[in-house]
Amino acid sequence: MMQGALTFQLPQMSTMAPKIDTLYDFLFWSSCFLMLCTTVAMVALAYKYRASVADPKKEVPYIAHNHLLEWGTTSILGAFFLLVFVWGFVGFHEINTIPEDPYEINVVGQKWFWTIQYANGKTLKNELVIPKGRPVKLIMTSRDVIHSFYVPEFRLKQDVLGGMYTTLWMEATHTGEADIYCTEFCGLDHSNMLGKVRVLEPGEFNAWLSGVEPGKIDLASAGHQLFQKRNCIACHSINGKDRKTGPSLSGLFNKLVTLAGGEQVKADDNYIRQSITNPGGQVVQGYAPVMPTYKGLLNEEEMVALVAYVKSLKE
Ligand code: CUA
């Protein structure tokens with residue numbers, strides 16, 4: 001069968017694309033089939049029970065119940081909807097389960113463009129370059145209103161919100177170019193908030209990535225500079241030994257942290273970001289809530305660098 005031949009004519013460039021197209025094709029063709037059944041039945045019944053010219057007084061039979069028909073259609077349609085639900089849920093789960101060790105790229109949306117940041121400091125506008133055949137995880141946020149990152153060729157879409165990170169993972173199956181659209185109305189130039197994805201062979205990608213512009217430093221080093229400049233070091237040790245006003249940051253990333261209320265949270269990107277913008281919200285057990293907020297003092301690109309630095313601190 002020609003996948004997506006009628007319903008979605010764009011090339012399939014990610015591992016998810018053929019799966020999503022198959023489900024869509026199934027929905028499309030089963031809708032056609034049901035439409036055909038309904039129309040044929042409607043025409044046939046209208047013909048069968050038409051008013052008779054020869055016998056205008058002919059009675060139309062009154063049928064109150066038909067258990068076989070009622071139970072039959074209900075259970076067949078019920079099973080059909082259950083199948084579509086389970087099928088869709090399996091795909092939904094796959095889209096939301098990030099594979100082990102993805103290649104991470106940061107995306108910041110704002111009116112009306114995308115900024116793409118790589119760990120080595122490479123920064124692009126409206127262009128996402130990724131390797132083929134490797135899971136890529138986008139860690140995304142917005143500087144202003146809600147945007148939505150959509151690549152039709154990947155059949156993947158994710159809202160991008162201010163004040164938090166959302167993620168989207170993909171594995172490209174073909175090299176080439178694809179379009180990025182913003183699909184959340186975000187003001188005047190929403191329809192011009194466009195970009196390109198370029199999928200390269202892994203070797204080409206590495207060569208491209210290592211070509212860093214002179215003067216550029218990697219994200220973690222940029223974050224380290226901010227860490228010094230903002231004097232975070234005054235309250236947070238980075239060696240895990242000295243006890244300071246605030247908790248140590250070494251080896252923090254992805255660890256379970258116990259908060260003042262006894263609740264445990266995972267120190268992921270969002271936790272680190274929120275600890276900087278709203279420190280009073282998640283106070284670590286045993287520490288006083290004395291950290292001032294840095295909300296508004298760092299822009300999102302700087303925040304990405306600072307979070308990258310904290311993530312880089314090993315025990
Ligand atoms: Cu950004 Cu629409």
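Me: How many residues in the lining of the second largest pocket are nonpolar, polar and charged?
Reply: In this predicted model, the lining divides into 11 nonpolar, 2 polar and 5 charged residues.

Me: Which elements supply the lining of the second largest pocket?
Reply: α1 (16–48), α2 (67–95) and β7 (156–160) each supply at least two residues. The largest share, 7 residues, comes from α2.

Me: How much space lies in the largest pocket?
Reply: About 750 Å³. Its lining has 37 residues, with H236, G246, P247, L249 and M291 closest to the centre. The elements giving two or more residues are β11 (256–258), α5 (269–277) and α6 (300–312). α5 gives the most, with 4 residues.

Me: What is the make-up of the lining of the largest pocket?
Reply: It divides into 23 nonpolar, 12 polar and 2 charged residues. G246, one of those closest to the centre, goes with the polar group because Gly is counted there.

Me: Why is α5 called mostly covered?
Reply: Count its buried residues: 8 of its 9 are buried. They are D269, N270, Y271, I272, R273, S275, I276 and T277. Buried means under 20% relative accessible area, so these eight fall under that cut-off.

Me: What covers the buried residues of α5?
Reply: The cover includes β5 (136–142), β11, β12 (264–266) and α6. Here contact means heavy atoms within 4.5 Å.

Me: What makes β4 and β7 edge strands?
Reply: The open sheet has 5 strands in the order β4-β10-β9-β6-β7, with mixed pairing. β4 (127–131) and β7 each pair on one side only. The twist averages 20 degrees from one strand to the next.

Me: How do you know that β6 and β9 pair, and in which sense?
Reply: Strand β6 (residues 147–151) and strand β9 (residues 176–182) share 2 bridges. Pairing needs at least two bridges, so β6 and β9 count as a pair. Their sense is antiparallel.

Me: Where in β9 is the bridge partner of F149?
Reply: The partner is C182.

Conventions:
Residues numbered from 1 in each chain as written. Predicted model: local features only at pLDDT ≥ 70, side-chain atom pairs only at ≥ 80, totals over all residues. Heavy atoms only, no water. 1 Å grid on protein atoms, 1.4 Å probe; cavity = no way out; pocket = protein on both sides within 12 Å on 5 of 7 lines; lining within 4 Å. Points joined across faces, edges and corners; volume = space filled by probe spheres on them. Axes fitted to C-alpha atoms, helices over the stretch in contact; angles between N-to-C directions. Buried < 20%, exposed > 50% of the residue type's maximum accessible area, 1.4 Å probe, protein only.
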